[in-house]
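Subject: Handing over a structure

Hello,

Here is the structure I promised to pass on to you. Please have a look at it first, and then read on for what turned up in it.

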Amino acid sequence: MAIACALSACAQKPRAEKLAGIEIGLPDWPEQSRHDDAGNGDLAVADGRGSRVALAWDVDPRPRLTPVAARAAAGLGPAEETPARIAGHDALLLRHGGGATLVWRCDVTRRLFRLGVAGPRAPEIANLAAHTRCHAEPIFANGDVPAAATSALGPTWTFANRGRGSISWTRGDEVLTFFAGQTVPPPRDAQAAEEQAAGWIGAAGLSHPAPEAAEAADGPQAHSALRVRGTAQLDGHPVRWTLLFWNCVPRQRTFTAVVFSAGAPDESALLAARCHA
Ligand SMILES: [Zn+2]
Ligand SMILES: [Zn+2]
């Protein structure tokens with residue numbers, strides 16, 4: 001009886017945790033990673049024999065979760081995806097070689113969550129999901145939003161507002177927004193950047209995003225970036241936008257910034273972002 005217990009149900013008895021306003025029951029395995037930060041954090045455990053369970057989250061200003069955003073957050077290309085629900089939120093379950101990742105956006109705490117399992121002894125992801133409460137406590141974190149170098153931005157831009165996971169400046173009809181960095185991989189290539197741009201254009205307050213072209217470009221602080229240009233609408237009026245994705249190696253974050261206007265937006269303003277000291 002004791003052996004049966006050690007090998008099956010008892011070995012996977014969840015260990016209830018509460019961190020960063022989240023309740024979760026992970027297997028009682030050694031910890032691989034723990035970042036107890038409400039804005040960008042994670043908790044990962046592994047049994048040392050090839051099985052692993054991990055939960056990660058980031059402040060996410062995008063208005064909704066799309067399949068493109070879910071795959072990007074899971075670091076996956078095309079995957080078998082199934083609609084799911086978790087803690088009252090719409091989610092996508094992505095099954096891939098040897099594991100599964102559940103991705104959802106908590107609209108209460110405005111965070112993007114990824115719950116992943118891999119390996120032969122990992123619990124069923126549905127059981128883990130049933131023990132996860134992403135908005136057990138209110139969260140007011142703004143996340144890892146870049147500052148703007150005043151010297152690079154120039155005196156003509158004025159501070160507009162700070163939202164959950166974003167900060168904006170205006171100059172005439174131009175609007176510049178820096179978004180909080182996320183612990184997800186950057187877009188793999190120009191095509192992936194073009195696909196992912198639409199969700200961030202929505203977060204900038206625009207509708208009808210239509211990317212036109214994406215290419216490699218210089219990013220802030222000597223980072224290399226992917227630049228996407230396109231059109232959208234603001235209150236029914238056409239605008240042009242330019243968006244940058246870049247990976248900040250010192251901070252291990254993927255950052256996004258966008259500038260738009262009715263005419264030609266000043267793309268150099270994007271380079272004023274300061275993602276690391
Ligand atoms: Zn939630
Ligand atoms: Zn950086």
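This is a predicted model: local features need pLDDT of at least 70, side-chain atom pairs count only at pLDDT 80 or more; totals for chains, interfaces and linings use all residues.

**The whole chain**

The protein chain holds five helices and 18 strands. Its C-alpha atoms fill a box of roughly 75 × 35 × 35 Å along the principal axes. For 277 residues, a compact globule would have a radius of gyration near 19 Å, and the 20 Å of the protein chain agrees with that. Of these 277 residues, 44% count as buried. Among the contacts with a separation of 6 or more, 53% are between residues 24 or more positions apart.

The protein chain is divided into domain 1, covering 13-130, and domain 2, covering 147-274. Their C-alpha centres are 27 Å apart. Where the two touch, 17 residues come from domain 1 and 17 residues from domain 2. On the domain 1 side, strand E4 (40-46), E5 and H2 each give at least two residues. H2 supplies the largest share of that side, with four residues. Sorted by class, the side of domain 1 that touches domain 2 has eight nonpolar, four polar and five charged residues.

**The sheet that starts with E3**

Now to the strands. Seven of them form an open sheet in the order E3-E4-E5-E9-E8-E7-E6, with antiparallel pairing. Strand E3 (31-35) and strand E6 (80-86) are at the edges and have a single partner strand each, so one side of each is left without a neighbour in the sheet. From one strand to the next, the twist averages 15°.

You can follow some of the pairings residue by residue:

- Strand E5 (residues 52-59) and strand E9 (residues 111-118) run antiparallel and are joined by eight bridges; the bridge partner of Val53 in E9 is Val117.
- E6 and E7 pair in the antiparallel sense over seven bridges, and Ala84 is opposite Ala91 in E7. Their hairpin has two residues between the strands, and Ala87 takes a positive phi near 50° there.
- E7 and E8 pair in the antiparallel sense over six bridges, with His96 opposite Gly99 in E8. This hairpin also has two residues between the strands, and in it Gly98 takes a positive phi near 80°.

Helix H2 (residues 67-74) lies across E6, strand E7 (89-96), strand E8 (99-106) and E9, and runs at about 55° to E7.

**The sheet that starts with E11**

Another seven strands form an open sheet in the order E11-E12-E13-E17-E16-E15-E14, and the pairing is antiparallel here too. Which strands are at its edges? They are strand E11 (158-163) and strand E14 (207-218), each with a single partner strand, so one side of each has no neighbour in the sheet. On average, neighbouring strands of this sheet are turned by 20° against each other, direction ignored.

Within this sheet, 10 bridges join strand E15 (residues 224-234) to strand E16 (residues 237-248), and the two run antiparallel. Leu234 has His237 in E16 as its bridge partner. Helix H5 (residues 190-203) lies across strand E12 (166-171), strand E13 (174-179), E14, E15, E16 and strand E17 (253-261), running at about 135° to E14.

Most residues other than glycine have a negative phi.

Gln221 is in the loop between E14 and E15. Although Gln221 is not a glycine, it has a positive phi of about 50°. Is Gln221 buried or partly exposed? It has 17 other C-beta atoms within 10 Å, so it counts as partly exposed.

Gln252 is in the loop between E16 and E17. Its phi is near 50°, again a positive value in a residue other than glycine. With 11 C-beta neighbours inside 10 Å, Gln252 counts as exposed, because the cut-off for that class is 12 or fewer.

Notes. Residues are numbered from 1 along each chain as its sequence is written. Chains are lettered from A and ligands numbered from 1 in the order in which they are written. Two strands pair if DSSP finds at least two bridges between them. Axes are lines fitted to C-alpha atoms, for helices over the stretch in contact, and angles run from 0 to 180 degrees between N-to-C directions. Two residues are in contact if their C-beta atoms, placed from the backbone, lie within 7 Å. Domain bounds come from an automatic or database domain assignment. Ala, Val, Leu, Ile, Met, Phe, Trp, Tyr, Cys and Pro count as nonpolar, Asp, Glu, Lys and Arg as charged, and the others, Gly among them, as polar. A residue is buried if 20 or more other C-beta atoms lie within 10 Å of its own, exposed if 12 or fewer, and partly exposed in between; C-beta atoms are placed from the backbone. The radius of gyration is taken over C-alpha atoms; the globule rule is 2.2 Å times the number of residues to the power 0.38.
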